[in-house]
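Reader: I would like to learn how to read a few features of a protein model, taking one feature at a time. Could you give the general idea for each and then turn to the case at hand?

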Amino acid sequence: MDQGDSMRLSHFLTLQRGKSLFLPAHGRGKSLPNEIQSLLKGKPGVWDIPELPGFGAPTCFDGAVRDSQNKSAESLGAKKGWYGVNGATGLLQAALLAIAKPKDSVLMPRNVHKSIIHACVLGDINPIFFDLPFFDDRGHYFSPDYSWLKSVLEQIDRKIIKIAAVVITNPTYQGYSSDLKPLIKLIHSKGLPVLVDEAHGSYFSFSEGNKFPKSAISAGADLVVQSLHKSSIGLVQTAALWWQGRIVDPSIVDKSVALFQTTSTSSLLLASCEASITAWQTNKGRNRLRMIIKNAENISFKLRKAGLPILDNQDPLKLILHTSSVGINGINADSWFIDNGVVPELPEPGTITFCLGFSDHRGLISILKKKWNQLLSSNLDKDCYPPFPKPPFSLLACSEISCLSAFRAPSQMVTLDKADGRISSEMISPYPPGIPILLPGEKLDQERIDWMIYLRRFWPEQIPNEIMVVS
Ligand SMILES: Cc1ncc(COP(=O)(O)O)c(C=O)c1O
């Protein structure tokens, strides 16, 4: 097709999409920091510079970027920091490769983001999975608490599995969070480093002292990755990695960041990393954040009062609407909302999650009340779903062969119902949320197949009927 026949990408970007309750959290520019708005409104492209002397890049020894990273790290209580222009994805991968060597095993939760598994393939690292508490009324994992993690670590000790590091995802995409400090203390008592994927919780570290869960930095994590476009006001792809403590060698982190970094880091994105951190550190910024949180809590309170099934979580900027409680598949509800002028962030079988982000949402309460009532009236007589089946995982599990061997092995396609006993050579991971339900190297059994077939009813386009297995 001629390029002229289809919609040009630049035109696509200017389309109105309805009420945006999706990420990035700057709300289509509305809450971008003033200095980034001025840059973008000024002389077009003047800000697009390479790694000029004096400016530098995230892994340069000196320059404005290095200085800014140091200042940001210090302001958040970390010892060192790196900005990233390939999202939390790139920095999580760098961080994992900094704490684990090829063939090492790393303990990680079942709700780990798929970028971590990609890093396992790249670095020939073996994931050892621990299962998580599960809410069967909505089909979500919850974050582990101290006693949960303690039993996981006891099993590791009993089975004499040697692990090199632990990864924790906190908060989750839906805004669930647990008290990280005791978990990190427990992991440190075993002499192990902790990497926290705080992609969805950057702003927790700008609101210390509020009633929020503690940020991973203040809870003592050795490495913390934040997605600044998901949970602050950065442009898409902005992220940060923070280092502290005595267990991880920062020079290895530095080398590892360079492995995953373009040699032409976008100067606009680097400026956006800095601005999305400093914006909250002035009195005006702190007050603004307090107002944003207060308004979000008010939205949630009023919607509940009006009868909308909003679920409890620990992040006020994430509103989870429990659609399966009235018999509606969250993925269908998502399409319905989009067709009706409201664009959510995260559709799942039992829920949709709206991300309020950091912009003003005047009028949202009445819009959501009205839309919800319309959705209900077009879906009459639906009963609450039965409980979602618990994912068929034991408390601790490792793959049959390494992710890398499975990824590289000769493979063939088989239909799911014929895959019993076969080893997967691919990752199946509905996106969003990007939490893998099958990994390269895992052996399928009938229970897993039945569960995947069950999930396929909700996610037919994301979970294929045929999968690639090792020949
Ligand atoms: C828990 C979690 N970690 C990491 C990422 C990756 O973030 P980014 O899009 O900034 O690469 C995501 C993205 O959805 C996520 O949900």
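Reader: Does S202 count as buried or exposed, and why?

Author: The model is predicted, so local features need pLDDT of at least 70 and side-chain atom pairs count only at pLDDT 80 or more, whereas totals for chains, interfaces and linings use all residues. Residues are numbered from 1 along each chain as its sequence is written, and side-chain values use heavy atoms, with hydrogens and water left out. Buried means under 20% relative accessible area, exposed over 50%, and partly exposed in between, with a 1.4 Å probe and protein chains only. S202 counts as buried because its relative accessibility is 0%.

Reader: Which polar contact joins the side chain of S202 to another side chain?

Author: A polar contact is a pair of N or O atoms within 3.5 Å; within protein, one must be able to donate a hydrogen and the other to accept it, and residues adjacent in sequence count only if both atoms are side-chain atoms. The side chains of S202 and S231 are joined by such a contact of 2.5 Å, and the S202 side chain also reaches the backbone oxygen of S227 at 3.2 Å. S202 is placed in the loop between β8 (194-197) and β9 (223-227), where helices (H or I, at least four residues) and strands (E, at least two) are DSSP runs numbered from the N terminus.

Reader: In what order do the eight strands form the open sheet?

Author: Two strands pair if DSSP finds at least two bridges between them. Here the order is β2-β10-β9-β8-β7-β3-β4-β16, with mixed pairing. The edge strands, each pairing on one side only, are β2 (80-84) and β16 (396-398). Within the sheet, β8 and β9 run parallel and are joined by three bridges, with L195 standing opposite L223 in β9.

Reader: Which residues of α11 are buried?

Author: An α-helix has 3.6 residues a turn, so residues three or four places apart point the same way. In α11 (residues 283-305), the buried residues are G285, L289, I292, I293, A296, I299, S300 and L303. These buried residues pack against β11 (310-311), β12 and α13, contact meaning heavy atoms within 4.5 Å.

Reader: What caps the N-terminal end of α12?

Author: The cap is N329, which has a side-chain oxygen 2.8 Å from the backbone nitrogen of I331. I331 is itself among the buried residues of α12 (residues 330-339), including also W336 and F337. After α12 comes G341, with a positive phi near 90°.

Definitions and conventions: Expected span 1.5 Å × (residues − 1).
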